[in-house]
Amino acid sequence: MATVFNKGWNTEKGKYAEKYGNYRGCLDCFDEGSILKALCESKGHFNGQWVQGFLTIACNPHNAEKVTVEQVTRQAEGIVGGGLCLHFTGRDNYGFVFHFYVVREHSGKLKIFEISYFNNSLTSFKRIN
């Protein structure tokens with residue numbers, strides 16, 4: 001598999017539980033299958049060479065290159081215009097950390113609507129279609 005999930009990627013962290021209270025519901029929204037599906041369904045919906053590179057590697061189980069999912073969100077985050085989202089982080093082969101912002105659709109599946117990373121400054125890509 002080209003996508004590796006770090007040990008403890010979805011484990012509650014004590015310091016966050018102390019700071020944010022019970023956030024277990026946020027962690028329970030994510031499993032490996034829903035993240036992989038969201039990544040693969042995002043392919044072709046974002047501009048950006050690095051973003052497309054990450055998604056291409058993540059969605060090809062026979063790819064020799066690997067990307068990792070490091071952790072899930074520790075709290076819900078506000079969306080400009082209203083509402084809340086969650087996010088998970090991943091790292092590519094070059095060490096860059098990507099933030100994948102997701103909403104849960106009415107069907108229950110996760111949909112990535114924004115992807116960002118730092119490359120000297122924050123670079124963010126919104127879903128284009």
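Author: The answers below take the labels one by one. This is a predicted model, in which local features need pLDDT of at least 70 and side-chain atom pairs count only at pLDDT 80 or more, while totals for chains, interfaces and linings use all residues. Residues are numbered from 1 along each chain as its sequence is written, and side-chain values use heavy atoms, with hydrogens and water left out.

Reader: Why is Cys 85 called buried, and what is Cys 40 called?

Author: Buried means under 20% relative accessible area, exposed over 50%, and partly exposed in between (1.4 Å probe, protein chains only). Cys 85 has 5% relative accessibility and therefore counts as buried, whereas Cys 40, at 34%, is partly exposed.

Reader: How many disulfides are there?

Author: A disulfide is a pair of cysteine sulfur atoms within 2.5 Å, and by this rule the count is zero.

Reader: What makes a set of residues a nonpolar core, and which residues have the most contacts inside the largest one?

Author: Such a core is a set of buried Ala, Val, Leu, Ile, Met, Phe, Trp, Tyr and Cys residues joined through side-chain atoms within 4.5 Å. The largest has 26 residues, and those with the most contacts inside it include Phe 30, Phe 88 and Phe 100.

Reader: How do you know that S4 and S5 pair?

Author: Strands (E, at least two residues) and helices (H or I, at least four) are DSSP runs, numbered from the N terminus, and two strands pair if DSSP finds at least two bridges between them. S4 and S5 have six bridges, in the antiparallel sense, with Phe 88 opposite Phe 100 in S5.
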